[in-house]
Amino acid sequence: MRSIIGAAGALLAASLLLSPELPYASGAAQAQAVNSQPRAKRGGTATGHTKPAAPGPAPSTSKQLPPRIPFTAAEDAAAAVPGIPDARFWADSETDYANALPAQPGPWLILSSGGSDGAFGAGLMTGLTAAGKRPDYQVVTGVSTGALMAPFIFAGPRYDEQLRKAYTQVSAADIFEAGSSTGESFVNSWPLRDFIAKQITPELMADVAAAHRAGRRLFVVTTNLDTERSVVWNMGAIAAHGGERATKLFCSILLASASVPGGFPPVMINVEANGKHFTEMHVDGGLGGQFFVAPAALMGATSQYHLPATALYVVVNTGLQPNFKVVDRFAPTILTQSIDMAVPVDTRLMIDRAYLAAKRSGINFNIATIPTSFHAPSAGAFDPKYMGALFKTGVEQGRGANAFSDRPPPYPAAPASLQPSRIEKTGANR
């Protein structure tokens, strides 16, 4: 099935549809309006960050967007980022994928989508550090919220405190500005854009580049909406190029991977093909899959491909249990509940494929998921108390003896009231 964006993104869009006439106000005031809507516990796109010192200018909703330079599918297939030709490859290209992998095998870490529920993965990594059992992963891949945390995890435990703050000291106002449609989206994501730019420091870029030169790989996934194909960005190679252009591209990719289409504005990335310059439209990486291990053809049940890893670690930053709710007869609510159901279904299918690929490859499979016992209340989208509680849960799991399971999580059982009757049938009914 085609992957669907995380439920947090759908909830964001639905929230804006519920209040389409929000006037322009401060980020905090608008976030309070959005936060008044119920929040699902699953997520799929952006993560949090500290609030900017002052709100940016309100964009004009009537401003005419500039027309795009037309280009063909063939031109886009051959396109590259000017000056950084090794920046990326198509996620379905088996040859380019093989060429981008490290020369030496090692453990791989796979970080899923999950919105604010990425607090779980951030906490898990912090707990593993505290327990002294966090390896230097040879490959780290991230999608959506997994993409936003991936550079800090890849660069090492010295960034754990930065990771903690990013997932515990935030609110919706720190992620987006409601009531200021860009013409391409329901909200403006300038707060997230500005935060990413502040967090991707020269020191972080240098650490990512050094790890890349040492043979490790950091991959982040976006979706090229023009071609309906996923793109894998070699973030270490980009960092290794150095300079302002590489840093801006690095930040743009992180923003794009967390930009749910319709909810957040797409990110336009400049490329060149045969001397022609044009822009591609990139959006949430979760559109093509909740996490990334290898091209889909290599992950198939009939594939004989062996992952060149010594172990596979998958961190799932989204709830996998169904949430009961009497759904209102209102389109945004129906949309939210539908996607809230579809995301865990898609995630479980991907988990099963990853498990089979690991077993076929003869390597250990390890997976960490939000425990079913976690039931902290949430006041709304990107609630700091909720995220703080989930981060703490992740830390405790990372520090414990069973941070990862060696098999996919069990499917939830039907509620007791829906279990088949055990009354023995008699007579004609037998």
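Asn274 sits in the loop that links strand 6 (267–273) to strand 7. Helices (H or I, at least four residues) and strands (E, at least two) are DSSP runs, numbered from the N terminus. This is a predicted model, in which local features need pLDDT of at least 70 and side-chain atom pairs count only at pLDDT 80 or more, while totals for chains, interfaces and linings use all residues. Residues are numbered from 1 along each chain as its sequence is written, and side-chain values use heavy atoms, with hydrogens and water left out.

Asn274 is not a glycine, yet its phi is positive, near 55°. Most residues other than glycine have a negative phi. Asn274 counts as exposed, at 75% relative accessibility. The classes are buried (under 20% relative accessible area), exposed (over 50%) and partly exposed (in between), with a 1.4 Å probe and protein chains only. Glu228 also has a positive phi, of about 55°, and is not a glycine. Its loop runs between strand 4 (217–224) and strand 5 (229–234). Glu228 is exposed, with a relative accessible area of 56%.

## The chain overall

The chain holds 14 helices and nine strands. Of its 430 residues, 54% are buried. The accessible surface is about 18800 Å², and carbon and sulfur atoms supply 56% of that. These areas come from the Shrake-Rupley method with a 1.4 Å probe; for residues, only the protein chains shown count as cover.

Among contacts with a separation of 6 or more, 81% join residues 24 or more positions apart.

Strand 3 (residues 139–143) has five of its five residues buried, so the rest of the structure largely encloses it. Val139, Thr141 and Val143 point one way, Val140 and Gly142 the other, and all are buried. In a regular strand the side chains alternate between the two faces of the sheet.

Strand 3 pairs with two strands. Pairing requires at least two DSSP bridges between the strands. Strand 2 (residues 107–111) runs parallel to strand 3 and is joined to it by four bridges. Here Trp108 stands opposite Val139. Strand 4 also runs parallel to strand 3, with five bridges between them. Phe219 in strand 4 is the bridge partner of Thr141.

Strand 2, helix 5 (residues 118–130) and strand 3 form a right-handed β-α-β unit. Right-handed means that, with the strands pointing away from the viewer, the path from the first strand over the helix to the second runs clockwise.

## Salt bridges

The whole structure contains 10 salt bridges, each a side-chain nitrogen of Lys or Arg within 4 Å of a carboxyl oxygen of Asp or Glu. One of them joins Glu280 and Arg88 at 2.6 Å, N to O. Glu280 lies in strand 7 (residues 276–283) and Arg88 in strand 1 (residues 88–90), so the pair ties together parts that are 192 residues apart in sequence. Both Glu280 and Arg88 are buried.

Glu161 and Arg164 form another salt bridge, at 2.5 Å, N to O. Both lie in helix 7 (residues 160–168), three residues apart, about one turn of the helix. Glu161 is partly exposed at 40% relative accessible area, and Arg164 is partly exposed at 26%. Arg193 and Asp194 also meet in a salt bridge, at 3.0 Å, N to O. Arg193 is partly exposed, with a relative accessible area of 43%. Asp194 is partly exposed at 26%.

How values were computed:
Contact = heavy atoms within 4.5 Å.
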